[in-house]
Amino acid sequence: MPSPAPSPTSFGIRTITEQSLAAWFATNSDMLPGTTVHIGQTGEIRVVPIVILYADAANGHPELGAKPSGNFELSVKIYVYSSADDADTTELALTAHRERVEAVQAIMQDVDGLKGAWTAGTLYQAWITSDEEGIADRRYGNVLTYSLVAVYPPA
Amino acid sequence: MALPQTFGIAHKFALYGTSDFVTLQSDDISKKAALDVEVTDETGRVITDRLDDERIEMSLSGVLLESGTIPAIGDRLEYNSINGIIKDISDAGTNNGFRKVTIKLVKYQEIA
């Protein structure tokens, strides 16, 4: 029987980002009723409607040159998936999906709230860079991309 | 057959020092003589040149630290063992980037 994975004692900036986003989305869960929120890449069973918060990349901030000093520019992708069978008609399901996307954008637009929910270090700023919509089989999906700038806590 | 030779020549890299209110990004140090007197001969050719009153001008740019306080014009600031007088300060920011501060200093030959 494999031994359980040890609890992490420290987290990378991407993990801090995902956990902070999850905390902020949990605070605003009333804006996404019936929608589960997952973070990053996990082995959990995922059921639509779902929102996935994924900090897919962190790069040392270019404005600080060769010494980023724990400052990062992060790319965060927020996936919103809904099923066309979640409502009486596909039109209603699509409307509900777009309302979820709008709710996600509203949650992310409150940058001051997100800064307050940041779990370690400091979030400087967050802004949306793209919103792409698609459909596959009987699922609607959007990918919202955000840029965040954050720093680790001091030593 | 001899193996290819590998070699390197080290160069001076990056900055001379640091600063306590910014994370320094660049420096620029120039030296010149404030007095440059030339004597020409009858045909206009320089036959004597007198250089005096060395002036060192420095420009330092960096990202302002959260805890940093920007010094004032006229304050002294030492960098690379040169103690200069602050003559010009630029404090620039954008809505999605760090604040950049640029300080210009002058060191006069006869002012310690």
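Two strands pair if DSSP finds at least two bridges between them. Keep that in mind for what follows. One more thing before we start: this is a predicted model.

Strand 1 and strand 2 of chain B, the latter covering residues 46–64, pair over 17 bridges. The sense is antiparallel. Take one position along that pairing: Lys31(B) stands opposite Ile56(B), which sits in strand 2 of chain B.

Now the turn. Strand 1 and strand 2 of chain B form a hairpin, with 5 residues between the strands. Which residue there takes a positive phi? Gly44(B) does, with a value near 90°.

Step back to the whole sheet. In general, strands of a sheet pair through backbone hydrogen bonds, either parallel or antiparallel. Here in chain B, 5 strands form an open sheet, and the pairing is antiparallel. The order is 1-2-5-4-3. Which strands are at the edges? Strand 1, residues 22–40, and strand 3, residues 76–79, of chain B. Each of them pairs on one side only. From one strand to the next, the twist averages 35°.

Strand 3 of chain B pairs with strand 4, residues 82–92, of chain B. That pairing is antiparallel too, over 4 bridges. Within it, Tyr79(B) has Ile82(B) in strand 4 as its bridge partner.

Next, a residue outside the strands. Glu110(B) lies in the segment after strand 5 of chain B, and strand 5 spans 100–108. Is Glu110(B) buried or exposed? The cut-off for exposed is over 50% relative accessible area. Glu110(B) has 64%, so it counts as exposed.

Finally, chain A. It has 3 helices and 5 strands. Along the sequence, the pattern reads α-β-β-β-α-α-β-β. Its C-alpha atoms fill a box of roughly 55 × 45 × 25 Å along the principal axes.

How much of chain A is buried? Of its 155 residues, 39% are. As for contacts in chain A with a separation of 6 or more, 61% come from residues 24 or more positions apart.

Now the surface. Chain A exposes about 8,500 Å², and carbon and sulfur atoms supply 53% of that. For charge, count 9 positive and 18 negative side chains in chain A. The centres of those two sets lie 7 Å apart.

That's the tour. Thanks.

Methods. Residues are numbered from 1 along each chain as its sequence is written. Chains are lettered from A and ligands numbered from 1 in the order in which they are written. This is a predicted model: local features need pLDDT of at least 70, side-chain atom pairs count only at pLDDT 80 or more; totals for chains, interfaces and linings use all residues. Side-chain values use heavy atoms; hydrogens and water are left out. Helices (H or I, at least four residues) and strands (E, at least two) are DSSP runs, numbered from the N terminus. Buried means under 20% relative accessible area, exposed over 50%, partly exposed in between (1.4 Å probe, protein chains only). Contact means heavy atoms within 4.5 Å. Accessible areas come from the Shrake-Rupley method with a 1.4 Å probe; for residues, only the protein chains shown count as cover. Lys and Arg count as positive and Asp and Glu as negative; His and the chain ends are not counted. The place of a charge is taken as NZ of Lys, CZ of Arg, CG of Asp or CD of Glu. Axes are lines fitted to C-alpha atoms, for helices over the stretch in contact, and angles run from 0 to 180 degrees between N-to-C directions.
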